[in-house]
Amino acid sequence: MSQKSPPTMLAHLITPQRNGRCSRREFLRSAALGAVAVATVPLLRGHTAHAATTGGKNMLIVYFSHSGHTRRLASCIQRLTGGDLAEIRPLAPYPQDYDAVVEMAKQEQRRNARPAIAPMQPDPADYDTLFLGYPNWWGTFPMPVFTFLESHPVGGRTLVPFCTHEGSRLGKSEQDLRRLCPQARLLKGFEVRGSRVDGAEPSVKAWLSELGLI
Ligand SMILES: Cc1cc2nc3c(=O)[nH]c(=O)nc-3n(C[C@H](O)[C@H](O)[C@H](O)COP(=O)(O)O)c2cc1C
């Protein structure tokens, strides 16, 4: 195993952006801020899926979130679309310590693990359009999202990815979605830095309206 510290290893995963918006230094700084956030942001576990109260066009917003950024983005999409919300919850929660979760996620990805997840309510099978939200972990979505996709086949339905990250954007997650859900109608994904989720509503709105979902 490498002796490098996890944030240093993470930095190697960053895909350089042509416009130079994602520098290694930026990600390292964000990773450090992320560590503070993980330590201080209260856990919102226990958040339950709830029924849509407005015309949600049969949409379910499924998400995984460890430190809360993706959860807040999912809530924003829920408010704007009126869809229902459901969380992917690993049966064994990840550690809150940043270095520990980084290392654990790396090992899970290396051995192509499928961490067990809690049964999901509402049932994704009842929806025509599935949003799928996740943080970028080591260049793609966390392994519990693989578990979700394999245990709830999307088939030919519409799949709309959204992602929070600290520089790598969607990484290779859309490629992985195409591979795992070859028949799905995969729409253009949305990405935002985790630290910018709270100001992202106008961009989220523009993306949803471009896709004709609001
Ligand atoms: C295990 C782990 C791996 C990560 N890997 C990356 C990465 O490869 N690229 C990146 O830009 N950000 C990476 N990040 C940063 C997260 O994608 C970012 O902080 C995200 O907003 C966290 O979302 P959450 O609060 O919903 O868990 C990683 C974070 C963790 C904990």
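**A walk through a predicted fold**

Tutor: Let's start with Asn58, which sits in the loop between helix H2 (24-40) and S1. Keep in mind that this is a predicted model.

Student: Okay, is Asn58 buried, partly exposed or exposed, and why?

Tutor: Count the C-beta atoms around Asn58: there are 14 neighbours inside 10 Å. A buried residue needs 20 or more, and an exposed one has 12 or fewer. The count of 14 falls in between, so Asn58 is partly exposed.

Student: Which residues is Asn58 in contact with, leaving aside its neighbours within four places in sequence?

Tutor: Look at a part of the chain around Asp126, which is 68 residues apart from Asn58 along the chain, with 8.1 Å separating their C-alpha atoms. With neighbours within four places left out, the contacts of Asn58 are Tyr127, Asp128 and Thr129.

Student: What about the whole chain: in what order do the elements run?

Tutor: The protein chain has seven helices and six strands. Read from the N terminus on, they go α-α-β-α-β-α-β-α-β-α-β-β-α.

Student: Now S3. Which strands does S3 pair with in the parallel sense?

Tutor: Take one pairing at a time. Ile61 stands opposite Phe131 in S3, and S1 and S3 pair in the parallel sense over five bridges. Gly133 stands opposite Phe162 in S4. That pairing of S3 is also parallel, over seven bridges, so we have the partners S1 and S4.

Student: How many residues of S3 are buried?

Tutor: Check the two directions. Thr129, Phe131, Gly133 and Pro135 point one way, while Leu130, Leu132 and Tyr134 point the other way, and all are buried. For strand S3 that gives seven of its seven residues.

Student: Which helix joins S1 and S2 in a right-handed β-α-β unit?

Tutor: First the strands: S1 and S2 pair in the parallel sense over four bridges, and the bridge partner of Leu60 in S2 is Asp84.

Student: What covers the buried residues of H3?

Tutor: The buried residues of H3 include His69, Thr70, Leu73, Ala74 and Ile77. An α-helix has 3.6 residues a turn, so residues three or four places apart point the same way. What covers the buried residues of H3 includes strands S1, S2, S3, S4 and S6, and helix H7 (201-210).

Student: Last one: which residues come nearest to the ligand?

Tutor: The shell has 25 residues. H3, helix H4 (98-110) and S4 are the elements giving two or more residues to that shell. By type, the shell divides into nine nonpolar, 14 polar and two charged residues. Coming nearest to the ligand are His69, Thr70, Pro135, Thr164 and Gly194.

Conventions. Residues numbered from 1 in each chain as written. Predicted model: local features only at pLDDT ≥ 70, side-chain atom pairs only at ≥ 80, totals over all residues. Contact = placed C-beta atoms within 7 Å. Near = placed C-beta within 6 Å. Nonpolar A, V, L, I, M, F, W, Y, C, P; charged D, E, K, R; others polar. Pairing = 2+ DSSP bridges.
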